[in-house]
Amino acid sequence: MLCDVCKAQTASVFLTQIVDGKIQKVNLCDPCSKEKGVTDPTGFALADMLFGMGAAQQIESGVGSEGARCPQCGFTQAEFKKTGRLGCSVCYVTFAQPLKELLKGMHKGLRHIGKCPERLRLTQERDNTLRQFHHDLRAAVVDEKYEEAAALRDKIRALDLEE
Amino acid sequence: MSIGNILSKSSDWLRGDGPHHHIVVTSRIRLARNLAGVAFPGRAKAAERVEVLEKIRPKVEALPEMVDAVSLACQDLSPVDKLLLVERHLISREHAAKKAGAAVVMNRRQNLSIMINEEDHLRMQSIRSGLQLRAAFKAINKVDSELEQQLDYAFDSELGYLTACPTNVGTGMRASAMVHVPGLVLSEQINQIVQAVNKIGLAVRGLYGEGTEALGNLFQVSNQTTLGEKEEEIIDRLHKVILEIINHEQNARQVLLHNKPNTLLDHVGRSYGTLRHAYSMNSKEALNHLSFAKLACDLGFYGDAQRHAIDELFIETQPAHLQKGSQQRLATDERDVLRAEIIRSKMASFAAPDLEGVLVRAREAQGAGGGAKTESPPSAEPGEEQRGGDPF
């Protein structure tokens, strides 16, 4: 297979990218892949993404994963791998583990911090605050700041009671 | 309102009056949303998709933004009408191919279109002329907020809006700007720009997304990531990058005029000649020549009326628009003949651009008696003093 860029040398780097819902495959030879910055993991999203894909495949080939099937829509991991799409919102829970690897390579972060539907906004804000408190609590314990930790623990309890 | 009615009017964004419209053709924001507890359209059975459609469609049609809208089921549309909507960027190619349950609702001005049962249950798009990403977002965000009160969206506190493709999860937002950059293409800087833009998490695609083919020197720049950043942050980053691209394009044009006036003028002149005198032209050729006619407008050879005519030709010479206009099925070669005819008649009153005058002035500016040399040697700091200025 020839390199898609120079069309002269044999391709040795094969990239798959999903751009706006379309799967794109790019084959590159070693010099071209270097020139395009594909081998620079910090500079090229495709490489990260490829890493994620690889991780997803590893998990799939693992023990007991062949039965991973969404209880809501019946989608299997094999179908996910083939289409690059999920079957329903529950699939995000069913395939949470391999997805996490995939999302890590695709996006800037793993947590949504943008818009939230108004009816869920209060819950979302509370969840975020709780998460922050838990994070601070762990840090306080590590730093042996026990007074601070106790105050955080009380705040967490108070928020839990509100629920 | 019928499809015939709406399609006989040109799209609002085609008026080309937005900020930076000389280089930024359009700004678009798309939001992807799904209903909770229902399979995504790709997985759902036909009956489920129809159910989703019946749930969503009346809510969308009742939006205050959709007064005087047209609401169309994809299976009721002829192939030509569907392609026509694709050419106006009102529906996606994928959506045009969909059957049971797929529909589109769009407003009369054609700056707001909502696809139902595309890859996601809802794909909402707002489109504006020029660089107006924030305004486009404001408009579509309002629609989204109105719909979320009536529809139960699939939303996860951790991952945000859940979408069929994991590349859209989070904000579900794709912000994109279409830029016309003949200067960057001619000066061979476009690949560098594409690489730089890729590195900061933005994607560059060609006019219709196939690779990065420089059809008509038009490129779409959009965000690649949707999770871990706020909508406004994504839009701000894209906005800044587009401003940079505008700056680079303007510089590239100045440098070309200064250092390689013959190269630039040759493209403008040949395109003028071809557009005025060709009797058969395929769509790709037309786009590439129209690009240089558009550049001629930017360079000050033509006024607003001519600019508008050129902008319209970009759309009117697309295959489905030609087909629709002729009211009969046309073979490819017949379309090429018709395309050339439409361009000739629309540009009949266009005077030849005064290229010689530009060349003389460019030489004077260089202060060199360069005579009839094909290319002038590059100076030490090309175009720097002319930055932002009008050479005409």
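Predicted model: local features only at pLDDT ≥ 70, side-chain atom pairs only at ≥ 80, totals over all residues.
A salt bridge, in the sense used today, is a side-chain nitrogen of Lys or Arg within 4 Å of a carboxyl oxygen of Asp or Glu.

I begin with chain A. Its secondary structure consists of seven helices and two strands. Read from the N terminus, the order of the elements is β-β-α-α-α-α-α-α-α. Chain A has 163 residues, and 40% of them are buried. If we take the contacts in chain A with a separation of 6 or more, 33% of them involve residues 24 or more positions apart. Chain A exposes about 9,700 Å², and carbon and sulfur atoms supply 56% of that area.

Let us now turn to individual pairs. As a general point, side chains of opposite charge can pair when their charged atoms come close.

Within chain A, E101(A) and K104(A) form a salt bridge, with an N to O distance of 3.7 Å. Both residues belong to helix α5 of chain A, residues 96-106, where they are three residues apart, about one turn of the helix. K104(A), at 49%, is partly exposed.

R270(B) and D266(B) meet in a salt bridge at 2.9 Å, N to O. They lie in helix α9 of chain B, residues 261-277, four residues apart, which again is about one turn of the helix. Here R270(B) is exposed, with a relative accessible area of 55%, while D266(B) is partly exposed at 36%.

I come next to the contact between the two chains. Chain B contributes 48 residues to this contact and chain A contributes 44 residues. The area buried between them is about 4,000 Å², and carbon and sulfur atoms give 52% of it. On the side of chain B, the residues that lose the most area to chain A are R43(B), P166(B) and L227(B), which together account for 17% of what that side buries. Several elements of chain B, namely β1, α5 (133-148), β7 (160-161), α7 (190-199) and α8 (231-259), each supply at least two residues of the side that touches chain A. Of these, α5(B) gives the most, with four residues.

Which interactions cross the interface of chain B and chain A? The rule finds five salt bridges, and it also finds 23 residue pairs in polar contact.

R43(B) pairs with E79(A), and their closest N and O atoms are 3.0 Å apart. Why does this pair join two chains? R43(B) lies in the loop between β1 (24-33) and α2 (46-61) of chain B, whereas E79(A) lies in helix α3 (residues 77-83) of chain A, so the pair joins two chains. R43(B) is partly exposed, at 28% relative accessibility, and E79(A) is partly exposed too, at 29%.

Finally, salt bridges also link residues into a network, whose members are R85(A), E118(B), E119(B), D120(B) and R123(B). Thank you for your attention.

Notes: Residues numbered from 1 in each chain as written. Chains lettered and ligands numbered in written order. Heavy atoms only, no water. Buried < 20%, exposed > 50% of the residue type's maximum accessible area, 1.4 Å probe, protein only. Contact = heavy atoms within 4.5 Å. Areas by Shrake-Rupley, 256 points an atom, 1.4 Å probe, with all protein chains shown as cover. Buried area = accessible area lost by both parts, 1.4 Å probe. Polar contact = N/O pair within 3.5 Å; in protein donor to acceptor, adjacent residues only side chain to side chain.
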